[in-house]
Amino acid sequence: MTRNSTLSLVTAGAAGLIFGIGLAIAQMTDPQKVKAFLDVATIADGTWDPSLAFVMGVGLLVTIAMYRLARPLPKPWVGAAFAPAPKPKVDSPLVIGSAVFGIGWGLAGLCPGPAIADLGLAPGEVALFVVAMLAGSWGAGLTLANRGRSSTLPHGNAATT
Amino acid sequence: MTEFTPLSASIGGALIGLSAGLLWLANGRTAGISGIFGGVMPLRPGDLAWRLVFLVALPIGAIIGAGIGPAVLSEISDAPPQLGLSPLVAIAAGLLVGAGTRIGGGCTSGHGICGLARFSVRSLVAVLTFMATAIVTVYVVRHVL
């Protein structure tokens with residue numbers, strides 16, 4: 001293993017650690033808090049909890065600032081290259097997939113980050129959700145790859161992009 | 001019903017942004033949790049280790065945060081999260097979240113933090129869409145059914 005590939009594991013671990021600390025401090029690990037934000041009917045009676053908007057808003061501002069720092073860099077500090085930006089196309093999979101994700105998010109009050117964070121805080125309760133999430137992602141990935149292969153993609157390598 | 005906790009929400013949000021910024025500056029990777037998680041399957045050896053390290057560190061970080069948070073800020077609850085999921089809802093919601101984020105190419109962090117931070121229209125459409133269906137779902141479950 002090269003020095004940089006070892007270092008990139010250290011920085012990935014640090015990023016995961018900080019992400020988990022942030023989610024727990026923000027209490028986004030608590031699905032009741034997430035559902036309280038999504039329950040906009042409570043705006044009328046003054047009991048709405050807008051905390052999640054503050055998490056997203058401040059998180060976004062810090063990320064914008066740090067992404068700006070990266071702009072003049074030819075390559076990341078330890079990684080081989082910056083991951084290419086996805087195609088900017090707004091298409092039906094984007095909308096359909098996001099709509100499906102939102103239904104699951106609203107049902108459980110869990111999105112992927114908090115679900116994995118809760119493996120540390122309430123492992124028995126969240127395990128089934130995380131296994132189902134992996135199965136859903138894998139199944140959808142296989143379906144997408146098969147559709148890509150049978151359509152007009154020139155190299156049939158949709159699964160590796 | 002939960003209390004509005006703007007201070008802990010902002011500090012936590014800043015840490016999430018710091019993590020996303022660090023993963024981009026250092027590794028050139030997007031801190032989209034559904035993408036990091038979904039990318040574990042199928043197994044691709046050269047691309048696997050950093051994902052696993054990140055995914056193992058994440059719940060360890062949550063344990064640390066849940067330990068120090070309530071000690072530093074009184075607005076943070078020291079009770080463990082109450083998921084209150086029946087097995088059926090856990091499976092259904094997990095499948096929807098896994099499949100939906102894979103098809104839609106991202107989740108709350110990938111589209112909501114990293115994508116919006118690059119001013120991606122695609123991510124804005126994704127965020128507005130999943131916010132809308134999540135709000136409708138919670139409304140139906142809590143106030144209609």
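A nonpolar core is a set of buried Ala, Val, Leu, Ile, Met, Phe, Trp, Tyr and Cys residues joined through C-beta atoms within 7 Å, where buried means that 20 or more other C-beta atoms, placed from the backbone, lie within 10 Å of a residue's own. Keep that in mind for this tour.

This is a predicted model, in which local features need pLDDT of at least 70, side-chain atom pairs count only at pLDDT 80 or more, and totals for chains, interfaces and linings use all residues. Residues are numbered from 1 along each chain as its sequence is written, while chains are lettered from A and ligands numbered from 1 in the order in which they are written.

Chain A averages 91, but residues 152-161 fall below 50. Where pLDDT is low, the predicted coordinates should not be read in detail.

Next, select Val55(A) and Phe129(A), which have the most contacts inside the largest nonpolar core, a set of 85 residues. Counting contacts as C-beta atoms, placed from the backbone, within 7 Å, and skipping neighbours within four places in sequence, Phe129(A) touches residues of both chains, including Leu110(A) and Leu85(B).

Finish on H3(B), which has 28 residues. Among its buried residues are Trp50(B), Phe54(B) and Gly69(B). The buried residues of H3(B) pack against H1 and H5 of chain A, together with H1 and H2 of chain B.

Terms used:
pLDDT is the predictor's confidence in each residue, from 0 to 100. Two residues are in contact if their C-beta atoms, placed from the backbone, lie within 7 Å. A residue is buried if 20 or more other C-beta atoms lie within 10 Å of its own, exposed if 12 or fewer, and partly exposed in between; C-beta atoms are placed from the backbone. Helices (H or I, at least four residues) and strands (E, at least two) are DSSP runs, numbered from the N terminus. The expected span of a helix is 1.5 Å times one less than its number of residues.
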